[in-house]
Amino acid sequence: MWHNASAMSATPDPLPGGYTPTQRDLPVVGPAAVAPSPTPTLVDTPSPLGRPGGEPGPLYVVGDVHGYLDELRTALLNQGLIDTEDHWIAGNARLWFLGDFTDRGPDGVGVIDLVMQLSAEAAAAGGYCKALMGNHELLLIGAKRFGDTPVNSGAGTASFKAAWLLNGGQHSDMERLQDHHIQWMSRLDAMALADDHLLVHSDTTAYREYGDTITDVNDAITEALTHHDADETWDLFRKFTKRFAFRDEGGSTAVREMLDTYGGRRLVHGHSPIPYLLGEVGSEDGDDGAPQVHGPHVYADSLAVAMDGGVTMAGKLLVSQLPLPA
């Protein structure tokens, strides 16, 4: 989530702060997976859903977590997806995280570890747990890979490390971050289609700059990250800091264009906290008092669903089953 109120503009904030997109699926499950060529894991193993007669389980989505591991555990437990020991108990249910696992909250690496663990356990049970890349994944990848290396921010010299710190980067996360975490994040997908829901992290149309199909977009972003180029990674990060593309006049048209391009009947996103999206607070920091968030926000002629409940501003970490009740 953006740190500055200036993020409310339609154009990217020139300051070295920001937000991110999404990438490759979750294949890696531990340090041993750091190999030149990926080795199959439970996440790569076809689940019973692909067998004749296999019926998909219920579909759930999770909004931005931002290091709030305890809140995530509670939300997943309340939905009957995990037990009190953090193990998957939802059988063939399907779970999508919309990105932004780290920064601002106390235990981003713990969140990543839990998602990676659940991805393996869910696949073994016949369901799945998958994740999209958020802008903070791009930010953390950049901070780890490039540190203080100057990048062309559009407003003078900046660096990923400075942007990461400005946007809630936690030193404890950086100290615990390992190569397999970076490998996992860099292979997350940017977007996905599940039960006629187009899932993305950011409420922006910047995805359309990377391809006309979901596969093309995901491949283009994954490929860009393999180049290990600071400016190219920064450009990705900058574009996916954009927000509010579906909120104001013309918002429903923008959503329809995304759905017409990539498929689906409704777009589901995180990135912009619901209180910020509604103008109830002036910035993501939520300095205007604790907002009241009771569930996802449906808007843009009911074509868009916002899932970031604003846990970083004392809001709510949302885990919801799709489709939403009429």
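Modeller: Of the 326 residues in the chain, 57% are buried, meaning under 20% relative accessible area with a 1.4 Å probe and protein chains only as cover, where exposed is over 50% and partly exposed lies in between. This is a predicted model, in which local features need pLDDT of at least 70 and side-chain atom pairs count only at pLDDT 80 or more, while totals for chains, interfaces and linings use all residues. Residues are numbered from 1 along each chain as its sequence is written, and side-chain values use heavy atoms, with hydrogens and water left out.

Colleague: What makes up the secondary structure of the chain?

Modeller: The chain has 10 helices and 11 strands. These are DSSP runs numbered from the N terminus: H or I of at least four residues for helices, E of at least two for strands.

Colleague: Which residues of H7 are buried, and why are they said to line one face?

Modeller: The buried residues are Ile-214, Val-217, Asn-218, Ile-221, Thr-222, Ala-224 and Leu-225. Seen down the axis of H7, they fall within an arc of 160 degrees, so they line one face of the helix. The arc is taken from the directions from the helix axis to the C-beta atoms. An α-helix has 3.6 residues a turn, so residues three or four places apart point the same way.

Colleague: What covers the buried residues of H7?

Modeller: The cover includes helix H3 (135–146), helix H6 (179–186), strand E6 (191–194) and helix H9 (251–262).

Colleague: Why is Ser-272 called buried?

Modeller: Ser-272 has 0% relative accessibility, so it counts as buried. Ser-272 lies in the loop between strand E8 (266–269) and helix H10 (274–277).

Colleague: What makes the pair Ser-272 and Arg-243 a polar contact?

Modeller: Their side chains meet at 2.7 Å. The term requires a pair of N or O atoms within 3.5 Å; within protein, one must be able to donate a hydrogen and the other to accept it, and residues adjacent in sequence count only if both atoms are side-chain atoms.

Colleague: Why does Leu-324 count as buried?

Modeller: Leu-324 has 19% relative accessibility, and therefore counts as buried. Leu-324 sits in the segment after strand E11 (319–322). Not counting residues up to four places away in sequence, Leu-324 touches Arg-266, Pro-296, Val-298 and Val-305, where contact means heavy atoms within 4.5 Å.
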